[in-house]
Amino acid sequence: MHNITSNKVCAMTIDSSNKKVHIYIDNKLEYEFPINENRIVKLPGLGSVEIKDGKYRIINSTCENHLCEKQGWNSNLPVICVPNKIAVVSHSSHNKMIITK
């Protein structure tokens with residue numbers, strides 16, 4: 001945990017070493033992996049999700065326009081493939097940033 005305080009502004013981040021990548025298909029949680037373990041997850045008939053160096057992305061998608069692949073790498077925001085109904089989301093119950101003034 002890190003605290004930074006300056007002129008009545010306080011920011012606190014909490015260690016995210018327990019952060020997970022959740023892969024949803026058709027609104028159902030199908031896979032969960034630690035974000036810090038590199039791997040490629042094959043989604044039969046849909047494409048793959050690559051997790052590497054604390055980030056994730058959709059690759060080899062079977063959708064027509066490949067907008068999901070163009071979203072690129074992310075570590076905090078969801079990566080979505082609407083045609084294939086895939087959502088890749090990072091999650092941690094302890095990954096929070098609080099900023100107060």
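Glu37 and Arg39 form a salt bridge, with their closest N and O atoms 2.9 Å apart. A salt bridge here is a side-chain nitrogen of Lys or Arg within 4 Å of a carboxyl oxygen of Asp or Glu. The structure holds 3 salt bridges. This is a predicted model, where local features need pLDDT of at least 70, side-chain atom pairs count only at pLDDT 80 or more, and totals for chains, interfaces and linings use all residues. Residues are numbered from 1 along each chain as its sequence is written, and side-chain values use heavy atoms, with hydrogens and water left out.

**Salt bridges**

- Glu37 is partly exposed, at 38% relative accessible area. The classes are buried (under 20% relative accessible area), exposed (over 50%) and partly exposed (in between), with a 1.4 Å probe and protein chains only.
- Arg57 pairs with Glu50, and the closest N and O atoms are 2.7 Å apart. Arg57 is partly exposed at 28%. Glu50 is buried at 12%.
- Lys85 forms a salt bridge with Asp26, with 3.9 Å between the closest N and O atoms. Lys85 lies in the loop between S8 and S9, and Asp26 in the loop between S3 and strand S4 (28-34), so this pair ties together parts 59 residues apart in sequence. Lys85 is exposed at 51%. Asp26 is partly exposed at 48%.
- Side chains of opposite charge can pair when their charged atoms come close.

**Sheet**

- An open sheet of 3 strands runs in the order S5-S6-S7, with antiparallel pairing. Strands are DSSP runs (E, at least two residues), numbered from the N terminus together with helices (H or I, at least four). Two strands pair if DSSP finds at least two bridges between them.
- The edge strands are S5 (39-43) and S7 (55-59), and each pairs on one side only.
- Neighbouring strands of this sheet are turned by 20° against each other on average, direction ignored. Axes are lines fitted to C-alpha atoms, for helices over the stretch in contact, and angles run from 0 to 180 degrees between N-to-C directions.
- S5 and S6 (residues 47-52) pair in the antiparallel sense over 5 bridges. Leu43 stands opposite Gly47 in S6.

**Nonpolar core**

- The largest nonpolar core has 18 residues. Such a core is a set of buried Ala, Val, Leu, Ile, Met, Phe, Trp, Tyr and Cys residues joined through side-chain atoms within 4.5 Å.
- Ile23, Leu43, Val49, Ile58 and Val88 have the most contacts inside this core.
- S3 (20-25), S5, S6, S7, S8 (79-81) and S9 (86-91) each supply at least two core residues. The largest share, 3 residues, comes from S3.
- Leaving aside neighbours within four places in sequence, Val88 is in contact with Val21, His22, Ile23, Val49, Tyr56, Ile58, Leu77, Pro78 and Val79. Contact means heavy atoms within 4.5 Å.

**Aromatic pair**

- A search of the whole structure finds 1 aromatic pair. Tyr31 and Phe33 are stacked, at 6.2 Å centre to centre and 15° between the planes.
- Rings of Phe, Tyr and Trp (its six-membered ring) pair if their centres lie within 6.5 Å; planes under 30 degrees apart count as stacked, over 60 as edge-to-face and the rest as tilted.
- Tyr31 is partly exposed at 26%. Phe33 is buried at 16%.
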